[in-house]
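Here are some friendly notes to read alongside the model. Please keep the structure open as you go through the points.

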Amino acid sequence: MDDPKALLRAILVEAVQRLAPGAGGAVVAFERPRNPEHGDLSCTAALTLARTLKRSPREIAARLLEDTAERVAQSGYFERPAIAGAGFYNIRYTAKARQAVVARVLEQGAAYGRLAAREPQKIQVEFVSANPTGPLHVGHGRQAALGDAIAALLEWQGHAVTREFYYNDAGAQIEKLALSVQARARGIRPGDAGWPEEGYQGEYIEEIAREVPNPDDLDAVRRFAVTYLRREQDVDLQAFGVKFDVYYLESSLYTEGKVEEAVQRLVASGKTYEKDGALWLRTTDYGDDKDRVVRKSDGTYTYFVPDVAYHVTKWRRGFAKVVNVQGTDHHSTITRVRAGLQALGVGIPRGYPDYVLHSLVKVMRGGEEVKISKRAGSYVTVRDLIDWVGRDAVRFFLVSRKADSEFVFDVDLARKKNDENPVYYVQYAHARVCSLFAQHGGNPKDFDLTHLSGERELSLAGKLEEFPELLEAATRELAPHTLAFYLRELAADFHSYYNAERILVDDEALRAARLALCSAVRQTLANGLSLLGVSAPEKM
RNA sequence: GCGCCCGUAGCUCAGCGGAUCAGAGUAUUGGCCUCCGAAGCCAAGGGUCGUGGGUUCGAAUCCCGCCGGGCGCGCCA
């Protein structure tokens, strides 16, 4: 089946090139007018061209219209276009085009919205990357929800995606963990004499301490504690429905000589210098506000070095694009890591890697902020959230906001099993369609979509048509929250339609066509929810 | 003090490569089930888009100042 929008674009690009021979096809851009009176698509080419052509947008639009109106209308997919406002070229889909959308969704099924990438890339998304020093906190939850959704979106655009978890299994934090567990095993409690400096105080330390077989062997304690907490994090991630392809150990960067190699390359690049007994890198040459220490005067490396070495492995492993999902508190590392990669001079692109930084999550319950949990002490855990509101609500809520906005997680709202809760609202739309099938006796097999002629059903079909391009934009912006908003809107349109029109009418042909539309809605909801890692229940 | 991010309806937030951008949900108020799940729908009220300038034919959107909030600013990781 041909793609109406691609056809429209081709016609307009051709006309634009006649009008402005130098202009690229990129000026043919479409907007989705909010006001339905302005049609389904609005081409802004005339506005964009006004400056270079030095003519009024309306005049250019009129020329475009004259040149293309006939062909556009003849396609059968669009009404005759019209010029409006400052010079917008407005297009409305015909009933035939909308009916075709329903057919397309049903034909493609679980693949509706997927794209066969024109240029498939090997892409890595690194997220969570929590050190094994305690249970995952809500910030990790936000990263897990965000990162997994971004990875899924990239896969849907046809890319080969690796989900990766990087963790520090050897540094000072781990040492502190081992000392804390050891102290606790010897009966020393936080605040007592002999309690390690800045030791971990959560109750989980006590649990580990109770089970550690040989408290006097610090190495053994360290290994035991790390294994214990890694296992616990895995259980939580599994409960959250997130699965990683690769767990990358920081220690391997040392044992495999990658850290040493990175340092040697940096020195060879001529971008380093010695000062005060330490080795520095001129990161200021790459936009950093101060130079950074590579090797401390005591001979050990700063964390910056393994960080750079780690990103070199990403590049060497063939990841053309890397997305790191982290909290905004890691902001300063961006410039530093990129500068380090540039200084190596191994051909890594300037903006490598990409970052998605998210702000804090504030958990509210009973009108008050929750700041502590029994198990972890000073913070709320992912496990707490899942226990309180269920996995679906946690995942949907955590991706339903722009990453860089602070997020207030309203536990009471997420617990509600009614219309106030957006997760249930969307899932309910899905279950409602399933319930229609149950009453009808299954999914309709034979249907004639030309019976879909009402304004409401055609507009609902139009909403389905937006899905693929919405996913494309969400992926480009690395912004899964737009998908959460879309699903809410689609559910709203469906509920509205359902209340206005009876689906299971006596007229068999009409009934079959309407059920086919509902089926397409269900499919689209299910596809969108699965991208967010949220279930699409048939009954609730 | 410096850097980055944020400030949109009572509340939680979309919109920010300029034009067709004042939006959604929720809360409040009033309607809709003898009929497909009312876990739903329809409608009303509610904002000089933090503030003061600037650029433009046009600014919530771009630029600058200020106010308010968040996060960074180690030879810590």
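1. F165 stands opposite Y247 in β7. Strands β6 and β7 run parallel and are joined by four bridges. Two strands count as paired if DSSP finds at least two bridges between them. Helices (H or I, at least four residues) and strands (E, at least two) are DSSP runs, numbered from the N terminus.

2. A word on the source: this is a predicted model, in which local features need pLDDT of at least 70 and side-chain atom pairs count only at pLDDT 80 or more, while totals for chains, interfaces and linings use all residues. Residues are numbered from 1 along each chain as its sequence is written, and chains are lettered from A and ligands numbered from 1 in the order in which they are written.

3. The pair in point 1 belongs to an open sheet of five strands, ordered β7-β6-β5-β11-β12 with parallel pairing. Its edge strands, each pairing on one side only, are β7 (246-249) and β12 (354-358). Neighbouring strands here are turned by 25° against each other on average, direction ignored.

4. Within that sheet, β5 (residues 122-126) and β6 (residues 160-167) pair in the parallel sense over five bridges, and Q124 stands opposite T162 in β6. Strand β5 is mostly covered, with four of its five residues buried. A residue is called buried if 20 or more other C-beta atoms lie within 10 Å of its own, exposed if 12 or fewer, and partly exposed in between, with C-beta atoms placed from the backbone.

5. There is also an open sheet of four strands, in the order β1-β2-β4-β3 and with antiparallel pairing. Its edges are β1 (30-31) and β3 (82-84), each pairing on one side only. Three bridges join β2 (residues 41-43) to β4 (residues 88-91), and S42 has N90 in β4 as its bridge partner.

6. Now to the helices: how do α18 and α19 pack? Helix α18 (residues 481-500) and α19 have an angle of about 155° between them, with axes 10 Å apart. That makes α18 roughly antiparallel to α19; the classes are roughly parallel under 35 degrees, roughly antiparallel over 145, roughly perpendicular from 65 to 115, and oblique for the rest. Axes are lines fitted to C-alpha atoms, for helices over the stretch in contact, and angles run from 0 to 180 degrees between N-to-C directions.

7. Residues of α18 that meet α19 include L483, L487 and F494, and their counterparts in α19 include V521, L525 and L532. The contact residues divide into twelve nonpolar, two polar and no charged. Contact means C-beta atoms, placed from the backbone, within 7 Å. Ala, Val, Leu, Ile, Met, Phe, Trp, Tyr, Cys and Pro count as nonpolar, Asp, Glu, Lys and Arg as charged, and the others, Gly among them, as polar.

8. Helix α4 (residues 95-108) packs on α19 (residues 508-532) at an angle of about 55°, with the axes 9 Å apart. That makes α4 oblique to α19. V102, V105 and L106 in α4 meet A516, L517, S519, A520, Q523 and T524 in α19. By class, this contact has six nonpolar, three polar and no charged residues.

9. For the overall picture, chain A has 19 helices and 15 strands, and buried residues make up 41% of its 540 residues. The C-alpha trace spans about 80 × 60 × 40 Å along its principal axes. Among contacts between residues at least 6 apart in sequence, 72% join residues at least 24 apart.

Definitions and conventions
Two residues are in contact if their C-beta atoms, placed from the backbone, lie within 7 Å.
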